[in-house]
Amino acid sequence: MDLVVFGIVWIIITAVAEWLMHHYVGHNSMYFLLSNQGNITLHAFNFLTTMLIPVFLFVIWFLVFSAIRFHANSPEAKQSRHQFTKNGLFTGVWITASIAVNLLFWLHPTAADLEQMFASQLPSAQRNDLVVDVTARQWEWIFSYPQYHLTQTVNAAGQDELVIPAHKKVQFVLRSYDPFHTYDVEAGVIHSFWVPAFGIKEDVIPGETRYEYIVANRTASYQTNPEVRVQCAEVCGPGHPWMEAPIRIVTASQFHAWVAKQQKMEAASGA
Ligand SMILES: [Cu+2]
């Protein structure tokens, strides 16, 4: 009887928690994702959470159930002479279930996806990528495109702007230093390169070079969704909250037109 009550309640709370999880996670504005890497991570997160909810609730419900059912004042506890030290069936089920859950985590396609994502970040796979040098300074993001000889790209209003083509792998090379204060190259602070819409965030450390890779899966812009921006995510001084830069994800032909325009602008300004 205990087992039946325990099992029924466990199934009900698991179902409720799974429904809540799938209703809220991935269906709110926090999950506006438009990069392949971000989607892979989200799928992995969803899969792990889905699998872990019943396990977590089993343990918690087991504690609560035992505390209520077998608390010291219940008449059964005093009368009971049954003290189990071994339960072969329970041990067998426990071990088998644990192995099955662990195997599933290893064999599920989500794990292979993550492997693929990590593999795409190996140096050998970078030859045809678009390279964007990202320089973080107090308090500005500077974007350079070494393949196109662009040193600092800006929009019509003169603000720093990041523009990338959709469906192409982009390598971000992240550095923290202040090119306008060349007295000390190491005189930088830690920033963090965060693009909410890409689902990536990487600390940018003075004296270190770090890399992030992204494939945007459709066009978008900061104008239509504020998550399409670079935002500093590491407190770096009074200007930190405003250390952001708009992003535009465009088609390949729009991107090349934009590059040509930027090259003209830089030539005109003598940069
Ligand atoms: Cu900052």
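Visitor: What makes a residue a contact of Phe-193?
Guide: Contact means C-beta atoms, placed from the backbone, within 7 Å. Leaving out residues up to four places away in sequence, Phe-193 touches Val-134, Ala-136, Phe-172, Leu-174, Lys-201, Glu-202, Val-204, Glu-212 and Val-230. This is a predicted model: local features need pLDDT of at least 70 and side-chain atom pairs count only at pLDDT 80 or more, while totals for chains, interfaces and linings use all residues. Numbering starts from 1 along each chain as its sequence is written.

Visitor: What makes a set of residues a nonpolar core?
Guide: Its members are buried Ala, Val, Leu, Ile, Met, Phe, Trp, Tyr and Cys residues, joined through C-beta atoms within 7 Å. Buried means 20 or more other C-beta atoms within 10 Å of the residue's own. The largest such core has 31 residues, and Val-134, Trp-141, Leu-162, Phe-193, Val-230 and Ile-247 touch the most other members.

Visitor: Why do S1 and S2 count as paired?
Guide: Pairing takes at least two DSSP bridges. Five bridges join S1 (residues 130-137) to S2, so they pair, and they run antiparallel. Ala-136 stands opposite Trp-141 in S2.

Key
Helix = DSSP H or I, 4+ residues; strand = E, 2+ residues; numbered from the N terminus. Buried ≥ 20, exposed ≤ 12 C-beta atoms within 10 Å, placed from the backbone. Contact = placed C-beta atoms within 7 Å.
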